[in-house]
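Please brief me on the fold below.

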Amino acid sequence: MGRPADLRRTVRRPVKLFVLLCSFVLCAYAGVRLLEGDWAMVTLWFVGTAVIHDLVLVPLYAAADRVLVKGAGRGWVTYVRVPAALSGLLLLVWFPLIGGRVSERYAGVAGLSADGFVVRWLIVTAVLFGGSAVVFAVRVGWGRRRVPGGG
């Protein structure tokens with residue numbers, strides 16, 4: 001019989017797979033609802049986003065990360081990575097509404113106007129970067145206040 005850590009690892013794998021499959025199902029449902037009646041567009045949406053992400057965006061992420069790490073060191077790069085990743089994820093998820101490409105469909109399905117998604121996304125992005133800057137400043141200030149040598 002294995003150790004408890006082995007058992008936890010064995011149990012976690014199917015749970016992670018189940019959560020991943022649920023996220024795909026939810027994403028497919030949202031795409032089908034948003035683009036209802038236009039199966040070619042739904043297919044293009046899912047295949048296109050996968051291809052664009054893997055062939056275009058991942059190399060751009062890696063290049064930008066290398067430039068940040070080489071130019072600035074590792075000290076504050078995490079404080080840029082996290083809000084940039086979250087903002088980028090929000091942009092990818094809400095791009096049809098931010099770009100105004102499905103405004104009429106969204107209004108017809110949700111009964112709400114699609115206006116303002118760009119402004120909201122920019123506000124969320126500013127809050128993410130601002131919050132990250134505050135956390136960075138607090139941690140840098142906290143590190144400077146500590147006395148070397150354990151006073």
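What share of the 151 residues in the protein is buried? Buried residues make up 13%. Buried here means under 20% relative accessible area, with exposed over 50% and partly exposed in between, using a 1.4 Å probe on protein chains only. This is a predicted model, in which local features need pLDDT of at least 70, side-chain atom pairs count only at pLDDT 80 or more, and totals for chains, interfaces and linings use all residues. Residues are numbered from 1 along each chain as its sequence is written, and side-chain values use heavy atoms, with hydrogens and water left out.

**Overall make-up**
- The protein has five helices and zero strands. Helices are DSSP runs of H or I with at least four residues, strands are runs of E with at least two, and both are numbered from the N terminus.
- The order from the N terminus is α-α-α-α-α.
- Of the contacts between residues at least 6 apart in sequence, 47% join residues at least 24 apart. A contact means heavy atoms within 4.5 Å.

**Confidence**
- The average pLDDT of the protein is 80, and 87% of the residues score at least 70. pLDDT is the predictor's confidence in each residue, from 0 to 100.
- Helix H5 (residues 117–145) has the highest mean pLDDT among the elements, at 89. Helix H4 (residues 103–110) has the lowest, at 72.
- Where pLDDT is low, the predicted coordinates should not be read in detail.

**The H2–H3 pair**
- Helix H2 (residues 39–72) and helix H3 (residues 78–98) have axes that come within 13 Å and cross at roughly 160°. Axes are lines fitted to C-alpha atoms, for helices over the stretch in contact, and angles run from 0 to 180 degrees between N-to-C directions.
- H2 and H3 are therefore roughly antiparallel to each other; that label applies to angles over 145 degrees.
- H2 contributes Trp45, Leu57, Tyr61, Asp65, Leu68 and Val69 to the contact, and H3 contributes Val80, Arg81, Leu92 and Pro96.

**Two buried residues**
- Val42 lies in helix H2. Val42 counts as buried because its relative accessibility is 6%.
- Val42 and Val32 are ten residues apart in sequence, and their C-alpha atoms are 6.5 Å apart in space.
- Ser87 sits in helix H3. Ser87 counts as buried because its relative accessibility is 5%.
- Leaving aside residues up to four places away in sequence, Ser87 touches Trp121, Thr125 and Leu128.

Conventions. Angles under 35 degrees count as roughly parallel, over 145 as roughly antiparallel, 65 to 115 as roughly perpendicular and the rest as oblique.
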